[in-house]
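Here are my notebook entries from a friendly browse through a structure. I jotted things down as I looked them up.

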Amino acid sequence: MERAERALFESGVRHATETAVGAALDTALDDLGWADALEADRATAVSVLFECLGTAHATSGALDRLLAATLGAGAGLASDGVAVVLPPLRHCEAPGRLDGDWCVVEGLGTAGFDRCATALVVAQTPDGAAMFAIDLGLLTRRPVQGLDPALGLSEVMGEFETAWAAEPEPVDWGAAAGQGQLALSSELVGAGRAMLELARAHALERVQFDRPIAGFQAVRHRLAESLVAIEAAAALLDAAWEDPSPVNAAMAKAFAGRSTRSVARHCQQVLAGIGFTTEHPLHLFIRRTMVLDQLLGAGSALTRQLGADIVGSGTLPPAFPL
Amino acid sequence: MELKAFTSAVDDWLDEHARELACSFEGIGTLDEQMAQLRKVMRLTYDAGFMRMGWPERVGGLGGSSLLRAYLGEALTTRDLVEPGIYSMPEVLAPTMIDYAPAELAADMVPRLLRGDEIWCQGFSEPGTGSNLASLSCRATRDGDAWRINGQKVWTSLAQYAQRCVLLTRTGTQESAHKGITALFVDMDSAGITVRPIETMHGAREFCEVFFDNVLVPGERVLGEVDHGWAIAMDLLPYERSTALWHRASYLQRRLAQLVALAPAGTLDPTAVGEATELLWAFRARSRATQRRLAAGETLGAETSVDKVLVATAEQAVFDLVAAGLGAEVVLGDDPVSQRWRAEYLYSRAASIYGGSAEIQRNIIARRLLDLGADR
C-alpha cells in the first residue's frame, strides 16, 4: 500500500477496533474492505489490524479469517461462516489427528467460533496435513473463562468420521500457523504500546515529593526499557514479514511475547497500586498478553526449541540480508 | 550501483583477493598489527573503488546509497578482515567533515581517511566530562587568526595512531554549557600535544589520554560555527548509532555462529541460545530499518538510542554465551585464538559504557522519545 492509502486504511481500522467488538467489528472490517486488503497486501492488512486489536483490547474473527485464507479456504466461505480450530494452548501443531476412519480434534476456538456454521479442522497426516470442512455441530465446545474471559476462547473437542466431511485437501499447516504467529505478534506489540501509554500517562500525572514521578530516573528508565522492548519486537516482526518462514515467524512470536512480559512488568511497577486494581485498565492488557503469549506456541517453548535446534545443528538460522 | 549488484561485486572481489587481504596474524594480534591490517584493507578496497561507494563525489567518493557502505563493512567484518570498532570510525568522522568542514578542507582530507592513509580520532570526553558532555572544559582561546588550546581529553580511541582529531573545545564561559562549544579539526603532530595510551582490562591500548599545552590551531580549521559545536556533536552521535552498528551486528552474528559451531556438547543452555539469537536478530532488524531510513535521506536522531541500547544488550548476551560455551578458552587459553575470545568477552562488558552509557541512552529515550519532560 502507498503511504497515504495505508494511513487512511490504518485510521479506519483503528476507529473500527475502538468502537466495535466481535460480530460488529467483523462487519465493520468487511465495510472497510479488510478482506480485500488481506489478499492484496497481507503484511499491511494483518499488522495494522492486529496491532489495533491489541491496543484497543478488542476481539474479532480476524484470526480465523487469516488462517482460512492462508489454508486456501478463504474465497469459498462467507466472512461470517469461517471458524478454524486452533491447536491446544502452548501448542502449534495442527489440532486434528487421524485415527483410522476418524479424525480426533482437540483444540481451541476464538470468540467468533459460535457465529460460524462451518469449522475448518486441519489434521496431521503421515506426509503433511489435510484440511476438513465440517459442520460445526460435529464438535463440542466449552466456553473458557480462565485468566482472560473477555477473549472469549472455547475449548473445542470432538471426533468425526472423515467420510462425513468433504474430501480433505492437503494444506501447509506450518505456513498458516506462521501467519497466525505473526498476527499474534502484532497484537502483542499493540497491547505493549497500550500498556506503555497507560504507564506514561500515569507517570506524568502522579505527583509525589512535589513532582510528577516521571521526573524520577528509576521510573523513566523502566518506561524507556519498555519502549526499547516494543520497538525491538516490532522491528523483528516487520523483518519476519519480508521472509515469513516458520523459523522467522516463531522467533517474532516468541520475542514479542518475551518483550511484552517485560513491558507488563515495568508498567505495572510504574502504575503501582492503581495498576493492581480492576479500576484501572492495565490488568486487561496483562491478562490478554499472557494468553496471547501461549496461543499458537508458547513463547518460552518456541525460544527453547530455537536454541535446541541451533545447539543441535551447530548453525544459526538464516539472517536477514541488508 | 544498486545494492544487489554491489553485494555480488564486493563478494567476488573479496574472494578473488582473499590472499592479499588476509590477516598476517592469527587471533587478535597486537594493536599495531590490527592497525596495519586496517590500513591495508582500506587501501585495497579504496583503490578497487568499493570504499568510495556511498560517499559523495565532492569528497572523493563515487556516490550511491549509504547502504553500500553498510554492506562493505558487513562483508569485511564477516570475513574477519577488520575489527569493526576501528573500521567503523570513518562512519562517524567523515559525515561530520562532509557536513561541517569548509568544502576544500573536506575534499582534501576525507579521501585520506577513507583510503587508510590517515587515522583520525574524536576528542570529546574529558576527565570531568563523561555523560555530561556539555560540561567540557578543554579551552580554546583566540590568538590572532588562530586558536590556542589548553586542556585534556580522555577515552580518545587510537589517538596514538591519529594524524587528525575532531576536537570539542570550550570557547564560551564554563556556564555557557552547550552554547559555548566549538569543534576544531586539529593536526595531531601540532606542537604541545601529548598522547598517553591507557591499558584497559581487555589488554589493548586503544583508548588514550590527550593533553593540549598551548596548541595552536589555524582559524580555518573551525568546523561549523564558533560556539555552535554542540550541534555537530548532536549530529554526529546518531551516525555513531547507524552504519557502524550494522557492522557490529555482522560481527556479533559471526561470533555467535563460530560459538555454536565450536562449543562442546552440554555447555550451552538452549533457552539462553534461543534468547540471545532472538535478541541479535531483533537488533539486526532494527538496525536494518535504520540503514534504510538513512539511505532514504531521513535525518537520524534520538530514535537511534534504541539501536544503541539493543546493540549493547545483544553484545553482552552473545558474550555471556561465549563465557559459558568456550569457558576453557576464555579462562585458561593462552593461544592467539583463545586470547581473542578472552579480549572480546572482556570488551563486551564495556558495550553498555562507551559511546554514551546505557543510562544516558535511556535518559535520551525518556526525554526525547517518550516526552517525559526534564529529569530534575
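Is Pro95(A) buried or exposed? I found that Pro95(A) counts as buried, at 7% relative accessibility. A reminder to myself: this is a predicted model.

**Around Pro95(A)**
I located Pro95(A) in the loop of chain A between strand E1 (82-84) and strand E2 (96-99). I then listed its contacts, leaving aside neighbours within four places in sequence; among them are Val85(A), Leu86(A), Pro87(A), Val122(A) and Trp173(A). I also checked Leu8(A), which sits 87 residues away along the chain, and its C-alpha atom is 37 Å from that of Pro95(A).

**Lys153(B)**
Next I went to chain B, where Lys153(B) belongs to strand E3 (residues 146-157). I see that Lys153(B) is buried, with a relative accessible area of 1%. Where does the side chain of Lys153(B) reach? I traced it to the backbone oxygen of Phe124(B), at 3.0 Å. The Lys153(B) side chain also makes a polar contact with the side chain of Glu126(B), at 2.9 Å. Beyond four places in sequence, Lys153(B) touches residues including Leu136(B), Cys138(B), Leu167(B) and Phe212(B).

**Cysteines**
Cys138(B) is buried, at 1% relative accessible area. In chain A, Cys267(A) is buried at 0% relative accessibility. The closest cysteine sulfur to that of Cys267(A) is in Cys52(A), 19 Å off and so too far for a bond. My search of the whole structure found zero disulfides over all chains.

Key:
Residues numbered from 1 in each chain as written. Chains lettered and ligands numbered in written order. Predicted model: local features only at pLDDT ≥ 70, side-chain atom pairs only at ≥ 80, totals over all residues. Heavy atoms only, no water. Helix = DSSP H or I, 4+ residues; strand = E, 2+ residues; numbered from the N terminus. Buried < 20%, exposed > 50% of the residue type's maximum accessible area, 1.4 Å probe, protein only. Polar contact = N/O pair within 3.5 Å; in protein donor to acceptor, adjacent residues only side chain to side chain. Contact = heavy atoms within 4.5 Å. Disulfide = S-S within 2.5 Å.
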